[in-house]
Amino acid sequence: MTTTLLLTLLFALSRALVPGPAAPAERAFTAVRPLPPPLSVARWWDPPPTPYAVGHRGVDLSAPAGAEVRAVGPGRVHYAGRVAGRGVLSLTLPGGLRTTYEPVRPLVAEGEAVAAGQVVAVLTEGAHCPGPCLHWGLLAGQDLYLDPLALLPAPTPRLLPSAPDPDRPG
C-alpha cells in the first residue's frame with residue numbers, strides 16, 4: 001500500500017471517528033482551503049484531554065513564507081494583530097465558529113467583513129514548526145477546539161495504478 005493511499009485512508013478514518021463541526025449540509029457555508037492545494041499537513045490536530053492540558057489545538061500546514069492565506073468561509077474579522085510576538089488573524093464564521101491563522105501578516109482589519117476564499121493574510125516566518133507553516137485553528141464558543149480539517153470536504157480516495165511487476169505473468 002502506498003504512503004499516499006495509507007495517509008488518505010487514515011485521514012478519512014480520523015474524520016469518521018473524531019467529531020467535528022456540523023456537516024456541510026448543516027452549515028451555512030462551504031469551506032475553502034486556507035492555502036493553495038495541495039494541503040501538506042506538517043502536524044495533525046491533537047486535542048487535549050481537558051481544556052487546560054497539553055495538546056495541539058489546530059493543524060500545521062506546510063507552506064512557504066509569503067504564501068497567501070485565504071478565509072475558509074465568509075465572516076467577520078474578530079482579531080487582527082500580534083499575540084506573543086506573532087501575527088494572528090481570527091475570523092468569526094457563520095454559526096459561531098471561529099478560525100485562527102498564525103504566523104501571518106493580516107491584510108484585513110478588525111470588524112471587516114470577508115468572503116470565502118478572500119486573501120486575508122500573508123504567511124510570515126515563525127518558530128511554531130521546524131519549517132515555514134500555517135497554524136490553522138478552529139473554535140466553537142470560547143474554548144472548544146475542533147479539527148479545522150473537518151471544515152473541508154472529505155477527500156476522495158483514489159487508487160493509483162501500481163508499477164508493473166516484472167515477475168508476474170501478463
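Guide: Buried means under 20% relative accessible area, exposed means over 50%, and partly exposed lies in between (1.4 Å probe, protein chains only). This is a predicted model, in which local features need pLDDT of at least 70 and side-chain atom pairs count only at pLDDT 80 or more, while totals for chains, interfaces and linings use all residues. Residues are numbered from 1 along each chain as its sequence is written, and side-chain values use heavy atoms, with hydrogens and water left out.

Visitor: How many helices and strands does the protein chain have?
Guide: Helices (H or I, at least four residues) and strands (E, at least two) are DSSP runs, numbered from the N terminus. Read from that end, the elements run α-β-β-β-β-β-β-β-β-β-β-β. The count for the protein chain is therefore, under the DSSP definition, one helix and 11 strands.

Visitor: What percentage of the contacts between residues at least 6 apart in sequence join residues at least 24 apart?
Guide: Contact means heavy atoms within 4.5 Å. The protein chain has 170 residues, of which 35% are buried. Among its contacts between residues at least 6 apart, the share that joins residues at least 24 apart is 62%.

Visitor: Which residues of the largest nonpolar core touch the most other members?
Guide: A nonpolar core is a set of buried Ala, Val, Leu, Ile, Met, Phe, Trp, Tyr and Cys residues joined through side-chain atoms within 4.5 Å. In the largest one, with 30 residues, the members that touch the most others are V69, L89, Y101, W136 and L151.  At least two core residues come from each of β2 (59-62), β5, β6 (97-102), β9 (119-123) and β10 (133-140). To repeat the names asked for, they are V69, L89, Y101, W136 and L151.

Visitor: What is the relative accessible area of L89?
Guide: L89 lies in strand β5, residues 86-92. Leaving out residues up to four places away in sequence, L89 touches V77, Y79, A80, T99, T100, Y101, V104, P106, V108, V120 and A121. L89 counts as buried because its relative accessible area is 0%.

Visitor: How far apart are the C-alpha atoms of L89 and P106?
Guide: P106 is among the residues that L89 touches. Along the chain the two are 17 residues apart, and their C-alpha atoms are separated by 6.2 Å.

Visitor: Which parts does the pair of R86 and E102 tie together?
Guide: A salt bridge is a side-chain nitrogen of Lys or Arg within 4 Å of a carboxyl oxygen of Asp or Glu. R86 and E102 form one, with the closest N and O atoms 2.6 Å apart. R86 is partly exposed at 32%, whereas E102 is buried at 15%. Because the two residues are 16 apart in sequence, the pair ties together strands β5 and β6.

Visitor: How many salt bridges does a search of the whole structure find?
Guide: Besides the bridge of R86 and E102, the side chains of R70 and E68 meet at 3.2 Å, N to O. R70 is partly exposed at 27%, and E68 is partly exposed at 40%. The search of the whole structure finds two.

Visitor: Where is the cis peptide bond of P103 placed, and what is its omega?
Guide: P103 is in the loop between β6 and β7 (104-106). The cis bond joins E102 and P103, with omega about -10°.

Visitor: Which two residues does the cis peptide bond with omega of about -5° join?
Guide: One of the residues concerned, P38, lies in the loop between α1 (3-17) and β1 (41-43). The cis bond with omega of about -5° joins P37 and P38.

Visitor: Is A84 buried or exposed?
Guide: A84 is found in the loop between β4 (75-83) and β5. It has a positive phi of about 50° although it is not a glycine. Because its relative accessibility is 71%, A84 counts as exposed.
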